[in-house]
Structures are given as structure tokens and as C-alpha cells.
Amino acid sequence: MDALVNPTESSLLHFTTAGSVDDGKSTLIGRLLYDSKSIFEDQLLAVEESSKRRGDGHVNLALLTDGLRAEREQGITIDVAYRYFATPKRKFIIADTPGHIQYTRNMVTGASTADLAIILVDARLGVIEQTMRHTYLASLLRIEHVVLAVNKMDLVNFDQSVYEKILADYMAFANGLENLPLICPIPMSALNGDNVVERSMQMPWYSGPVLLEYLETVQVLTQNTADKARLPVQWVIRPISDQNDSKLGNLHDYRGFAGRVASGTFRIGDEVLVHPSGMKSRITGIHTYEGEQTEAIPQLSYSITVADEIDTSRGGMIVKSGEPIEVGHEFDAMICWFADKKTLKPRSRFHLRHTTNEVRTVVTEVLYKVNISTLEKSQENLEFSLNDIGCIRLRTSAPIFFDSYAENRTTGSFILVDDQTNNTVAAGMIIKRIKDAFEEDAEVTI
Amino acid sequence: MSAITHLQYLESEAIFILRETAAQFQKPALLFSGGKDSIVMAWLARKAFYPSRLPFPLLHVDTGHNFPEAMTYRDWFVDHIGAQIVVGSVQKCIDEGSVQEEKGINASRNKLQTVALLGAIEEHQYDACLGGGRRDEEKARAKERFFSHRDEFGQWDPKNQRPELWNIFNGRKHFGEHFRVFPLSNWTEMDIWQYIRQENIPLPSLYFSHQRRIIERHGQLLDAETGFIPLLEEEKPKVREMTIRFRTVGDATCTGAVESTASSIDDIVAEVAAARQTERGTRADDKRSETAMEDRKKEGYF
């Protein structure tokens, strides 16, 4: 049962959930889906039957999200699961990520596309290392909003002082972070539904928003139209046909650069720089299937034509000429390492995927690793193993076109791909370009 | 708050994935069943490459148990969007002996589609198959990636999937491996219907209310008109004419109907909004066990 979202007005909110193993994360999501009436009778019936068979004392809402055989058997969540629900005000996409230490890569994955993170704390246990780890990751990935869900309040008699103490401990840690997200703390009991969708009668001392109300109304600013205009080129549309299109006329010479606008706004007549050459040209057409458009706005997909015959293709980048992008082949970045069988160290080589571009890369230096419980930077052991986070310097086989991750989540992010297994082994966030004295004469052999 | 609506976002995301697929693979194909999800996906593909034609063919895995209305629609639609179509046949696999037909009254060719699909992939050397699967359909699908890696046996390993970060998709693979790509991952059933309404996309008549001879079996309303479902002697007198429509359109032997008078898209949107059962609740193939979908997917199902 999908609430009837108004299709002409409703927006989309991506959020992720993070917590430790028994913080009740799946139960919270089950509760959100259940109380917002997004669960169907046959789903609920199946869950009720499974709960009974497993001997659970109550309807185990966690079974709604744990879909894989191994998860149901072990009562844990293994992989990021995506869930959907809608209210008349908004449509929501949830990336439900497991809490185990070894699955940090899933939290990073869920966080990379999230506007908001719900971080769960068990009211009985308070702030633990996992809480700090998740908060650090949310700030590292630059998630704008964090909901600190102090869960299982029913097990501490809905005691305000327990909640206040957790909040104080949490803020003591969070205030030490570089990019502190906006934090909204909410005391709740996901099991019983207190302060999730309905306001709790048990905690009259709490006057802030209940969770769903907050999710429905929180303002998200990600990559708005005021940012610098960026269009990574995905594909070149060339019909090579003498047919006349009803909207575009003769198609023989049509050459459109197809892509999704990462940020900013392009308009017809705008002077642009087209990379890799960086040559100047002018936008002559902005097309969609619906026909000619006057402007291209963030997150939407277009085919763009320019005045001059400029050589670019997949991996290229179109930017407004007054808003140049960094072009370089050496930069510093924060990375999170995902591989369990391999390590990253100086001289390690990878395929680097950035926007629609792919180049070869080599680690020229490991600058430091971060102890994410203490936030201390350490240079003691410069080899990255699973879930390590730190700062490295990379050199690429060809220049890439980027912004810092702080400025732009799309043009500032990349992944590293292992050239033996083809697995994605690291997530990277660019800090800054390195002005290389040898840029002109250095031959990079990778 | 972003200035775009959720349907604009979902459309653009799907177009992005479709273009990534064309760019990252040598020889992709779009799996087309004639069901609403694959129709929406093909519709989006036309938008993604406009004013060019689709840079890949549609691939129909034909169980031989088709509703005639779905076939009529398929041929019209393919012509309408100017696409090419390739047909992989389950009947051919049965005739060649590479699969064996299930026996008994609940026999279905649904599982055999996997063999026909993998056969078509091998024969035509497709290295990526675009599917209309959505994560809201089923709990195993909820763990699926946009770019889903399959080993050289076509198998899915749910515990060892590549993480997908931001909008960077890693389609690198070894020879013989392939990918399943799901551009509609983030769509719900309601999104599909609202989009069909917004775009005015014509659909097979099966989705709208009509009269049909129906047999009720295990609480499901199954088609008794095409003759693909064998009836028990005692069931024969129970076949009756009902006013129904289909919420999903797949192989005729496992697609259940719902009683409905919804005869327009607006009626359907209202019905979906009020529905108390998932659309896959009408699918016999998912009812075989708690992890039926996961098990089929591991073997290479869509």
C-alpha cells in the first residue's frame, strides 16, 4: 500500500540507517513502514508466520528487511538493503546498512547517496565506539543531517536523565568533527512505536519532532542550482541519419553530449569549456526527448550540443567558462579501504573511476591513517586493510577534471578498482590538487 | 529542498543507468516481457538515446505460455519505438532437451526461463542484460545492485556484491562473465503507475478490467481461458467468468489475477494506493518457499 504521493509536488529524500548489532535498526525501519501503512497484508502475514516458527515473542518486524536466507537464519543483516515508502508529502529511499564492524563498507556505501543518516543508540548502552564510527563516517561523507535515535527508551523507564546523559556524551564527541552535520536527537522506542510515527505518551518531557514528522519536513540542500555548472559526458549521441526529426530537424550532423548535470545550471548561449582539451565553445542546444529546453538543471539528464566541432567523448567534462574545474593528475584524497584479502600501500596500482572517466592510478604516498574512535591521525602503519580510513596521494595516467569533495559530491568522489579481481576496493573523496613542479616533464609509467 | 519531483529524479536516474550500460558494455540487450516494468524501461531507453535509435536490441524470453494480448502488444510496441527484437525460446530449449518441463497441475515454465535466458546470452554473446526488476518487489531484490555481477555460470552471489558508491558504476568483468543491470531499482509499483499516467504510455489490455474465465486455486485467481494451466476434473465445474485484471503480466501459468473494475490508469492508481497485497502476492512462483526468489536469482533468474 503506497500512499498517494502527489506526483507533481513531492520530493525525494534518501536516508541511511546505522547502528550496532542489536540497536533495533531493522525494527525501526519495520516500524516506519508499518505505521506509515507501507506494509502489505501478505508481507505482514509472512512475517507473523516466520516469527511464530522462530519462537519470537512478538511480531519480528526485522524480518521485513532481512531478506537473504543467511540473514534470516542468523538474525543479522548482511548487506545494504533498500526500502521504499511514501507519505503524501515525500517519497523515501532507505539504505539499511548493517552494524557489524566488518561491514563498515556498507555504511559508507549507504551514506554516499544519502541526504540524512539515522544513527541508533541503545539507551541502555549509551554512546559506544560504533556510534562514534558511524558519526565520523557521516561527517566524512558529508551527509547534511543526522538523527540521533536514542532507542529502547522503554527499557530505561523512559527516563529523561538517561537521554540527557547520552546526548551530552554524544555532543562531546561530535563537536570534535570537522564537518559537523546538523544533529536532531530523538528519544524513542521502535519496538512499541514511541516517537517514530506517533508521539509518545510516555515521554511528555520531550517536545521535539517525532521521527517521521522530521523526515517529512527536513530541508535538503545538496547540489543546488547555484553551484558551479558541471556536466560529465556519458555518451555521445550521433544518429548518423538523414532522417528529419519532428523536433530537431535534419539529424545528419547531430552530435549531442549526453549526461546528467552534476551541479549548477547551463543555458543556451552559455560559454563553456569542454574537457579534455579545455577548448572554449558555446551551448547551442539543450535537448531531451520532450524537445528543446532553455536550461539544464542539476540531477536531470540531457543531450547538449555546442557551436564548434570539439573532440570530447565519454569521460569528458563540460563546465561554464567562468567557473573552471581543477585539471590535474596528482591529488590528495581521503579513502575508505574495502578489500579483505588485499591491502593498499605506497606504489599500489588501480583503475580509478571518477564521474564517467576511467584512468590508471598509482599511490605515490600514504599520508596518514585515521583512528576513527579517537580521530587521531597516525603514521605508524601505512598499509590499509579492511575498513581502514586515511589520506593518500594519487597520481593518474591522464589528467582528470574534478572539484574537492567538500565542494561537490559528484565531481569530488571516485572509486578504486582492483585490476586482478575487478572488485571495487576503495571509496575516495578528493581533498585538493597537488601542484606538481614536474607536471610538464614527468612521464608517469603505470 | 530539491526543485525536481520524485518522478523526474527517477526518470533521470534510469536514463543515467541506461546510458552507462550502453557505454560500459560491448553488447547489451534489454529484457522485454511485455509487462509494465519492461515497457517503462524501454520507454526510458528511447528517451535516453533520442534522437538516436536504441543502441541495443530488446530480448524476449518466450515461455510459449503467453497471453495472446501480450504478444499483440509486443509486436506493436517494438514497431512503435523502432527497436529490434530478439526472441529466446523456452519451447526450443524443451525441444532440444536442454530443460525438462515441470510435471503436475502447478507446472510452470517460469523456472525454465532461466535456461532460455542464459542460452540466449551465450548464443548472442550479450555481456549485459537490462532488467525491469525493482527492489520493492521482493525481499531478495531489495539487496540487488544497479549493476549486478554474474559469474560465467550466470550466478548471483548476494554475499559478495560490489559496493555501489555515489553514481559511479563498476562494470569491469572478466571474459565470459556478464552483468544484469536494473535501471528501475529505486521505483515502486506506484511510481511505475504514476509515470505511465504522466507519460500516457499505452499498455496491454490485460492490465485493465475485463471478463475472463478463471479458476481459483490456493486462494489465487488463475487464467482458465488460454488452456496453459491444466485443470483437475473436480476443478472444471468451478471455472467461472469473472471481472478481473492482472497486476503483473508474466508467464500465463503463474500470473494471478485480481478482481477489479479498474478500466483506466486513474482507476488503477487509486486501486494500487488502496491495495492490501503486494503485486507479487499474485505470483505463484514466489510462493514456493520463503526464499524462492533468492534461490532462483542465484541460478541466474532475472
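**The two chains and their folds**

Reply: To start with chain A, buried residues make up 49% of its 446 residues, where buried means 20 or more other C-beta atoms within 10 Å of a residue's own, exposed means 12 or fewer, and partly exposed is in between, with C-beta atoms placed from the backbone. This is a predicted model, in which local features need pLDDT of at least 70 and side-chain atom pairs count only at pLDDT 80 or more, while totals for chains, interfaces and linings use all residues. Residues are numbered from 1 along each chain as its sequence is written, and chains are lettered from A and ligands numbered from 1 in the order in which they are written.

Me: How many helices and strands are there in chain B?

Reply: Helices (H or I, at least four residues) and strands (E, at least two) are DSSP runs, numbered from the N terminus. On that basis chain A comes to seven helices and 25 strands. For chain B the tally is eight helices and ten strands.

Me: What percentage of the residues of chain B count as buried?

Reply: Chain B has 302 residues. The buried part of chain B comes to 57%.

Me: Among contacts in chain B between residues at least 6 apart in sequence, what percentage join residues at least 24 apart?

Reply: Two residues are in contact if their C-beta atoms, placed from the backbone, lie within 7 Å. In chain A, residues 24 or more positions apart account for 72% of the contacts with a separation of 6 or more. In chain B, the share joining residues at least 24 apart is 77%.

Me: Which elements of chain A do the buried residues of α1(A) pack against?

Reply: Helix α1(A) spans residues 25–35, and ten of its eleven residues are buried. Among them are Leu28(A), Ile29(A), Leu32(A) and Leu33(A). Past the helix comes Lys37(A), with a positive phi near 60 degrees. The packing partners of those buried residues are β1, β2, β3, β4, β5 and α7 of chain A.

Me: What is the bridge partner of Phe15(A) in β4(A)?

Reply: Seven of the eight residues of β1(A) are buried. Strands pair if DSSP finds at least two bridges between them, and β1(A) pairs with β3(A) in the parallel sense over seven bridges, with His14(A) partnered by Ile93(A). β1(A) also pairs in the parallel sense with β4(A), over four bridges. There, the partner of Phe15(A) is Leu116(A).

Me: Is Met107(A) buried or exposed?

Reply: Met107(A) sits in helix α4(A), residues 104–112. Leaving out residues up to four places away in sequence, Met107(A) touches Ala18(A), Thr97(A), His134(A) and Leu137(A). Because Met107(A) has 30 C-beta neighbours inside 10 Å, it counts as buried.

Me: And how does Thr265(A) count, with 16 C-beta neighbours inside 10 Å?

Reply: Thr265(A) is in the loop between β11 and β12 of chain A. Its C-alpha is 40 Å from that of Ser373(A), and the two are 108 residues apart in sequence. With 16 C-beta neighbours inside 10 Å, Thr265(A) therefore counts as partly exposed.

Me: How far apart do the C-alpha centres of domain 2 and domain 3 of chain A lie?

Reply: Domain bounds come from an automatic or database domain assignment, which gives domain 1 (11–217), domain 2 (230–320) and domain 3 (326–433) for chain A. Eleven residues of domain 2 are in contact with nine residues of domain 3. The C-alpha centres of domain 2 and domain 3 lie 31 Å apart.

Me: What handedness does the β-α-β unit of β2(B), α3(B) and β3(B) have?

Reply: β2(B) (58–62) and β3(B) (85–89) run parallel and are joined by five bridges, with His60(B) opposite Val87(B). A crossover is right-handed if, with the strands pointing away from the viewer, the path from the first strand over the helix to the second runs clockwise. With helix α3(B), residues 68–81, in the unit, the handedness comes out as right-handed.
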